[in-house]
Amino acid sequence: MASLQVSGMAVSGSSSSCCSHKSLVRATINGPKIRIGPLSLPRLSSKDFIEELSIRSGGYGIPITTQMEKGTGPMTSSSDPVVVAKLYAIMEAVADRIEMHKNIGEQRDNWNHLLLSSIHAMTLTAATMCGLAAASASGEPLAGLKVSSTILYLAATGMLAIMNKIQPSQLAEEQRNAARLFKQLHGQIQTLLSVGSPTVSDVNEATENVLALDKAYPLPLLGAMLERYPSSVEPAVWWPQQGRKQAKGLGKKIEGNGWNRELEDEMREIVGVLKRKDKADYLRLSEKALKAHKVLAFSGPLLTGLGALGSAFVGATNPWAVILGVAGGALASVVNAMEHGGQVGMIFEMYRSNAGFFKLMEESIESNINETNVWGRENGQVYEMKVALQLGRSLSDLRNLAASSSLRNIEEDTEEEFGSKLF
């Protein structure tokens, strides 16, 4: 505790004036001596941190790897500035694509609402005019209503044919998927630049992912638009296609990097479940949606065309012209509401994208377990957690799913559950 010692103070004065003399104040402060030693902080494992961040990878992977993991030597904090500059350039292009797909997706969603409302109004107005023309007694109103109804029906038929060709709801769903996947890619590159040690192979992989997304979800309508009514349903593919690795050396003991024989067997069972249940189910739903899509797309313009034909012959002796003109417009409105109001095209694209998600998971798991060098794979424990999260399961739940799948292979009458709990 500090102590203050005052040596002395003298004061003198007279009756007329006071003079202050100098005082000597001597203070000494005594306190405990504090020794500051070197500050020690816990050492953080960059490899464990990077493996934890790799859980964020979803649709496709830019693996966050270090030089030590790649076997090129100890990790260094410095990276090739040219490689970093290229990755930043790719990030800027990806950010621009995110905005483009977002804006175009909103525009095409507006197309769906505006075109549907306009075609509905034209169809119902034409049906009403056809009925009024049939009820009119004089000749001049009859001719005017007939011509107006026929023109509206023909215009609705043409607009509906164009709308069924481009399918604005399906276009909007494609752009939403593209924006989401580009955001995912942008985050992966950003994480790689923050905590990874990027190399030329990372630049090439990021470029391939961008080009694969551009091909899977094109922006222009003419010449590059995806097939709206394919002859067969295939899962959506938005990642670079590479040759599958052949499994070799499966009889050897596989240990290290979080992998063992039990984990490999578990991953193989998960792949089997995804193929037999999840992907197959979404492909089946896609086929049903596609059939309904084709029927509705053909029925709408057909009914409005029949309505135009009936309205043109209103006033003749045949009463079926009035019935065809009025009923055709009413049925066309119902069909259009089911197809474009219910967004059947969007549903078909959603099912196809879900099937593509499970196909991507299959390829990712097979690529890892077919890699004979366990140090060339993702860390087994981290990868198991990532698979569990992508399927909406806990680790114990994922292991139970693999065990039940293995049991089903022995007991054929056992009912198998779906792999994913998210959708």
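**Helix packing in a predicted model**

Q: What percentage of the contacts in the protein chain with a separation of 6 or more comes from residues 24 or more positions apart?
A: This model is predicted. Contacts with a separation of 6 or more are the ones counted here. Residues 24 or more positions apart account for 82%.

Q: How many helices and how many strands does the protein chain have?
A: Read the elements from the N terminus: the order is β-β-α-α-α-α-α-α-α-α-α-α-α. The totals are 11 helices and 2 strands.

Q: What share of the accessible surface of the protein chain belongs to carbon and sulfur atoms?
A: Of the 423 residues, 40% count as buried. The accessible surface comes to about 23,400 Å². The share of carbon and sulfur atoms is 60%.

Q: Is helix 5 roughly parallel or roughly antiparallel to helix 6?
A: Helix 6 covers residues 200-216, and its axis lies 11 Å from that of helix 5. On the helix 5 side, L181, F182, L185, I189 and L192 meet residues of helix 6 that include A206, V210 and L213. The angle is about 170°. Angles over 145 degrees count as roughly antiparallel, so helix 5 and helix 6 are roughly antiparallel.

Q: Is helix 7 roughly parallel or roughly antiparallel to helix 10?
A: Helix 7 (residues 261-312) and helix 10 (residues 380-390) have axes 11 Å apart, at an angle of about 25°. Angles under 35 degrees count as roughly parallel, so this pair is roughly parallel.

Q: Which residues of helix 10 make the contact with helix 7?
A: Helix 7 passes helix 10 in a left-handed crossing. Helix 7 contributes L263, E266, M267 and I270. From helix 10 come G380, Y383, E384 and V387.

Q: How far apart are the end C-alpha atoms of helix 8?
A: Helix 8 has 22 residues, 320-341. At 1.5 Å a residue, it should span 32 Å. The distance in the model agrees with that, because the end C-alpha atoms are 30 Å apart.

Q: Which residue with a positive phi follows helix 8?
A: The buried residues of helix 8 include G325, G328, G329, A332 and H340. After the helix comes a residue with phi near 50°. That residue is Q343.

Notes
Residues numbered from 1 in each chain as written. Predicted model: local features only at pLDDT ≥ 70, side-chain atom pairs only at ≥ 80, totals over all residues. Heavy atoms only, no water. Helix = DSSP H or I, 4+ residues; strand = E, 2+ residues; numbered from the N terminus. Buried < 20%, exposed > 50% of the residue type's maximum accessible area, 1.4 Å probe, protein only. Contact = heavy atoms within 4.5 Å. Areas by Shrake-Rupley, 256 points an atom, 1.4 Å probe, with all protein chains shown as cover. Expected span 1.5 Å × (residues − 1). Axes fitted to C-alpha atoms, helices over the stretch in contact; angles between N-to-C directions. Parallel < 35°, antiparallel > 145°, perpendicular 65-115°, else oblique. Left-handed = near helix turned anticlockwise from the far one by under 90°.
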